[in-house]
Amino acid sequence: RLSALRDRLERGLAGQAAVVFGREAPRLPNTVFFVIGGFDGETLVAHLDRAGFAVASGSACSSASPEPSRTLLAMGVDAATAKGALRVSLGRGNTEEDVLRFLQALDETVRKLKGLAAVAA
């Protein structure tokens, strides 16, 4: 069930041109680690938190560190890209509706941040 929710989330991320790390590798069924190019992970975390979603920038074992994920760096991901990575963990209580609401909030956040960047330019 969690794998199906994770896969649904990953399909939705394709609309944001997100890169999902480890997509083809054996991995946990409840976790998605991704990046949307051009966005700082901590900025996305803050906006998504205000929208009611608890996500993290970086890996679970280093969530208190502002440094890019050592795992992504070891995979050959450049530091700037790794610093933008977000980790979403799904749990027993999550539903497909939760995934769809998250994707909507992410889409609104990305649009808002792109709009702010265009005004600043």
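1. Let me start with arginine 6. Setting aside neighbours within four places in sequence, arginine 6 is in contact with Arg27, Leu28, Pro29, Thr31, Val32 and Leu90. Arginine 6 sits in helix H1. Its relative accessibility is 10%, so arginine 6 counts as buried, the limit being under 20%. Keep in mind while reading that this is a predicted model.

2. Now the overall layout. The chain has 5 helices and 3 strands, and going along the sequence they come in the pattern α-β-β-α-α-α-β-α. Along the principal axes, the C-alpha atoms fill a box of roughly 45 × 35 × 25 Å. A compact globule of 121 residues would have a radius of gyration near 14 Å, and the chain has 14 Å, so the two agree. Of the 121 residues, 41% are buried.

3. How about contacts along the chain? Taking the contacts with a separation of 6 or more, 71% are between residues 24 or more positions apart.

4. On to the rings. How many aromatic pairs does a search of the whole structure find? The search comes back with 2. One of them is phenylalanine 21 with phenylalanine 33, an edge-to-face pair at 6.0 Å centre to centre, with 70° between the planes. This pair links distant parts of the chain, 12 residues apart: phenylalanine 21 is in the loop between strand E1 (19–20) and strand E2 (31–35), and phenylalanine 33 is in strand E2. Phenylalanine 21 and phenylalanine 33 are both buried.

5. Then there is phenylalanine 53 with phenylalanine 102. Their ring centres are 5.4 Å apart and their planes are at 75°; the cut-off is over 60 degrees, so this pair is edge-to-face. The pair again links distant parts of the chain, here 49 residues apart, with phenylalanine 53 in the loop between helix H2 (41–50) and helix H3 (70–74) and phenylalanine 102 in helix H5 (residues 96–120).

6. Which element has the largest share? That would be H5, with 4 residues. By residue class, the lining divides into 8 nonpolar, 2 polar and 2 charged.

7. Alanine 17 deserves a look if you check backbone angles. Most residues other than glycine have a negative phi. Alanine 17 is not a glycine, yet its phi is positive, at about 55°. Where is alanine 17 found? It is in the loop between helix H1 (2–13) and E1. With a relative accessibility of 59%, alanine 17 counts as exposed, because the cut-off is over 50%.

8. Isoleucine 36 is a loop residue, placed between E2 and H2. Is isoleucine 36 buried or exposed? Its relative accessibility is 4%, so isoleucine 36 counts as buried. Leaving out neighbours within four places in sequence, isoleucine 36 is in contact with Gln16, Ala18, Leu106 and Val110. Against leucine 103, isoleucine 36 is 67 residues away in sequence and 13 Å away in space, C-alpha to C-alpha.

9. Last, arginine 92, which is in the loop between E3 and H5. At 79% relative accessibility, arginine 92 counts as exposed, whereas arginine 6 counts as buried. Which residues does arginine 92 contact, leaving aside neighbours within four places in sequence? They are Arg1 and Leu2.

Technical notes. Residues numbered from 1 in each chain as written. Predicted model: local features only at pLDDT ≥ 70, side-chain atom pairs only at ≥ 80, totals over all residues. Heavy atoms only, no water. Phe/Tyr/Trp six-rings, centres within 6.5 Å; stacked < 30°, edge-to-face > 60°. Helix = DSSP H or I, 4+ residues; strand = E, 2+ residues; numbered from the N terminus. Buried < 20%, exposed > 50% of the residue type's maximum accessible area, 1.4 Å probe, protein only. Nonpolar A, V, L, I, M, F, W, Y, C, P; charged D, E, K, R; others polar. Rg over C-alpha atoms; globule rule 2.2 N^0.38 Å. Contact = heavy atoms within 4.5 Å.
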